[in-house]
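Dear colleague,

I am handing over the structure we spoke about, and you will find it directly below. My notes on what turned up in it follow after that.

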Amino acid sequence: MDATTALGCHISQLDTPCMVVCESRVQRNCTAMIDRCKRLGVQLRPHMKTHKSLEGGVLMTGGTRRCITVSTVAEAEFYADNGFDDILYAYPLAGNGKIQRVKKLHGRLDSFHIMLDHTDQLRALLESSSDMAKPWSVFVDVDTGYARTGVDPESTVAVDLARDIASNPATHLAGVYVHCGDSYHANTADEITAAAARACQGVARFAERLRDTHIPCPVVGIGSTPSCSQPPDEVPGVTEFHPGNYVFYDLMQHWIGSCQQDDIAARVVTRVISVYPERNQLVVDCGFTAISKQHDPARKLFTKVVDHPELKLLGMSQEHGIIGAAGDERLDLSQYPIGSILQFLPYHSCAVAGQHAQYYVVDDEDICRAVWKPCRGW
């Protein structure tokens, strides 16, 4: 359904499957994170990777369109084309094609930053930078325990990389950056706070090591929605937060203690396409291409069906979702007539949002008031 047709429609009138976003919850989530950062005395550099939309970016930045994080060059180009500036491409830079694209961004924006975690990345960058009019602004990616990307902050390699960046006239060390991914291993809000505290301490110690060897380190940033939603009361040495998922939140965030279920702003609307009394099941038009197969392995759940605790999404193929009873009871399938709608809460909203070409933004009465069209590609 196109944007013009959708405006003013109730979600039951939308083509399904589709993703809907509760505007008031998004606004509340964004305001809460802005206020939290102000209280802690840190700069918020929100990550755009979950929603990848202009409207979401405006809300997350409090209307400034400044100081954002992105995970793809396509996102950086998209936001730059639409008036955003001070953009951090928070992904290790590799490949001449992407280097040439970020060179253009570096030249046209007042403030553009890249991230590195290896000397070979730096070497490739410098080999292509002889014609640059201004130095690159570079963050060092630090790993404090998640084991994804990033240098070990206790290693000499990390200090050497930072020194090479700071001492080269073609590069400027903007700071250090850590994704607190291990906060996703938590099971409670207290465990999240403890993980956030460890990340803060680890990256702050690394920044001090740099300064002790006369390497300036202006920015010390930490991220992940759990760590920034349930941070310690104080974050000494940390100057910047860069969470992203909080714009929508999701069941994963709720189940580990990052948010309340009422904070989840995204849903997938689906329609019953057939019922099977003999199997005690119904089938909906939402397969893994609309809700993803990511799930909670302990709970064995892909999603929760809004307002229907008796239902469970049992499995999916590409375009079909099989729904049965959450327990042993027989379902009254007359309560779910063909053509009626059900709503799923996403287990991981980043994965779900990435599967939809547009989001229908609804008010508290589930009436569509806007349509957001996200950036796609890499």
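Both Y79 and F84 are buried, and please keep in mind while reading this and everything below that the model is a predicted one. The rings of Y79 and F84 have their centres 5.0 Å apart, with their planes at 75°, and since an angle over 60 degrees counts as edge-to-face, this pair is edge-to-face. A search through the whole structure returns five aromatic pairs, and Y79 and F84 also belong, together with F78, to one aromatic cluster.

Another of the pairs is formed by Y89 and Y91, whose ring centres lie 6.3 Å apart and whose planes stand at 25°, so that this pair is stacked. As for accessibility, Y89 is buried, with a relative accessible area of 1%, whereas Y91, at 45% relative accessibility, counts as partly exposed. A ring is involved in a further arrangement as well: the charged end of R279 sits over the ring of Y276, at 4.1 Å from the centre of that ring.

Turning to a lysine, K52 is located in the loop that runs between β2 (43-44) and α3 (54-60). Is K52 buried or exposed? Its relative accessibility is 16%, and because buried means under 20%, K52 counts as buried. Leaving aside residues up to four places away in sequence, K52 touches T72, E75, F78, Y79, P374, C375 and R376; among these contacts are F78 and Y79, which are members of the aromatic cluster described above.

The remaining notes concern helix α7, which comprises the 12 residues 156-167 and which, at 1.5 Å a residue, should span 16 Å; the end C-alpha atoms of α7 are 16 Å apart, in agreement with that expectation. Which residues of α7 are buried? They are A158, V159, L161, A162 and I165, and because they cover an arc of only 160° around the axis, they are placed on the same side of α7. On the other side of α7, T156, V157 and S167 are exposed. Finally, the N-terminal end of α7 is capped by S155, a side-chain oxygen of which lies 3.1 Å from the backbone nitrogen of A158.

Methods
Residues numbered from 1 in each chain as written. Predicted model: local features only at pLDDT ≥ 70, side-chain atom pairs only at ≥ 80, totals over all residues. Heavy atoms only, no water. Helix = DSSP H or I, 4+ residues; strand = E, 2+ residues; numbered from the N terminus. Expected span 1.5 Å × (residues − 1). Buried < 20%, exposed > 50% of the residue type's maximum accessible area, 1.4 Å probe, protein only. Arc of directions from axis to C-beta. Polar contact = N/O pair within 3.5 Å; in protein donor to acceptor, adjacent residues only side chain to side chain. Contact = heavy atoms within 4.5 Å. Phe/Tyr/Trp six-rings, centres within 6.5 Å; stacked < 30°, edge-to-face > 60°. Lys NZ or Arg CZ within 6 Å of the ring centre and 35° of its normal.
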